[in-house]
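Look at the structure below and keep it in view while reading. The text starts from one residue and then widens to the chain.

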Amino acid sequence: LQGELQVSSAAQRHYNNVFHAGYVVAKNEGLRGLQKGLVTALLYQACMNGTRLGVYDFLRDSYMGYSGSPFTFYQDIIAAATAGVVGGYVGSPLYLVKTQIQSCSANASVGFQHKHRGSWAAFRSIYQAHGIKGLWRGVSSAVPRLIVGSSVQLSSYAQCKRLIK
């Protein structure tokens, strides 16, 4: 354990906290540097959450139309987790591009630098280098997070809505 702690503390820290990171990025790249990837991030949120909510509502409505009764709490969790998986897969290419664009830096070299000029150039570059599967690199780490997040958020919302009625 001591050897592991010593190795991790030997890594160079570029930022002390989120405020310091914002300051360093703004200092090195200007205010535009703080906005890099914003459009792709907004598209990702709209795409992923739109899909997630749409799938969740579809599953709820389909079940209620089939059985005539509302979901139980556990069925809510399963439907929400399923919606999270679908939303994660649909939004994954946008998340990958957003992350790569945000990590690009013209002035400071922190980590691996991708040389994308914009979102469309990033999509083309990833597709040319890795094919269609390359656009879904990283989905295996996003899906578990979305399963947990969706299960908690959507099922809690449904339960609260039931309690209020």
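Begin with Arg162, which is in contact with Arg60, Phe71 and Asp76 once neighbours within four places in sequence are set aside. This residue belongs to helix H6. With a relative accessible area of 30%, Arg162 is partly exposed, because that value falls between the 20% limit for buried and the 50% limit for exposed. Pro70 stands 92 residues away from Arg162 along the chain, yet the C-alpha atoms of the two are separated by 9.9 Å. The model is a predicted one, so these distances and contacts are computed from predicted coordinates.

How far does H6 reach from its first C-alpha to its last? The span is 36 Å for 26 residues, close to the 38 Å expected at 1.5 Å a residue. Several residues of H6 are buried, among them Val139, Val143, Leu146 and Leu154. The buried set of H6 also includes the serines Ser150, Ser151 and Ser155.

Helix H5 gives another picture. H5 covers residues 119–134, which makes 16 residues, but its end C-alpha atoms are only 15 Å apart. A straight helix would reach 22 Å at 1.5 Å a residue. A kink of about 90°, centred on Gln128, is found in H5. The buried residues of this helix are Ala122, Phe123, Ile126 and Gly134, and they pack against H4.

Helix H2, at residues 18–35, also falls short of a straight helix: its 18 residues would reach 26 Å at 1.5 Å a residue, but the end C-alpha atoms are only 15 Å apart. Here the kink is about 125° and is centred on Glu29. Buried in H2 are Ala21, Val24, Val25 and Gly33.

Helix H4 spans residues 73–103 and holds Lys98. Is Lys98 buried or exposed? Its relative accessibility is 12%, so Lys98 counts as buried, the cut-off for that class being under 20%. Apart from residues up to four places away in sequence, Lys98 touches Gly37, Thr40 and Ala41.

Now take the chain as a whole. It has six helices and zero strands, and from the N terminus on its elements run α-α-α-α-α-α. Of its 165 residues, 30% are buried. Among contacts with a separation of 6 or more, 70% are between residues 24 or more positions apart. The chain exposes about 11200 Å², and 63% of that area is supplied by carbon and sulfur atoms.

The cysteines can be looked at next. Cys47 has a relative accessible area of 25% and is therefore partly exposed. Cys160, with 43%, is partly exposed as well. How many disulfides does a search of the whole structure find? The search finds zero.

Last comes confidence. The mean pLDDT of the chain is 84, and 84% of its residues reach 70 or more. Confidence is highest in helix H6, residues 139–164, at a mean of 92. It is lowest in helix H1, residues 2–9, where the mean is 52. Where pLDDT is low, predicted coordinates should not be read in detail.

Note on methods. Residues numbered from 1 in each chain as written. Predicted model: local features only at pLDDT ≥ 70, side-chain atom pairs only at ≥ 80, totals over all residues. Heavy atoms only, no water. Helix = DSSP H or I, 4+ residues; strand = E, 2+ residues; numbered from the N terminus. Buried < 20%, exposed > 50% of the residue type's maximum accessible area, 1.4 Å probe, protein only. Contact = heavy atoms within 4.5 Å. Areas by Shrake-Rupley, 256 points an atom, 1.4 Å probe, with all protein chains shown as cover. pLDDT = per-residue confidence, 0-100. Disulfide = S-S within 2.5 Å. Expected span 1.5 Å × (residues − 1). Bend = angle between axes of the 7 residues up to and from the residue.
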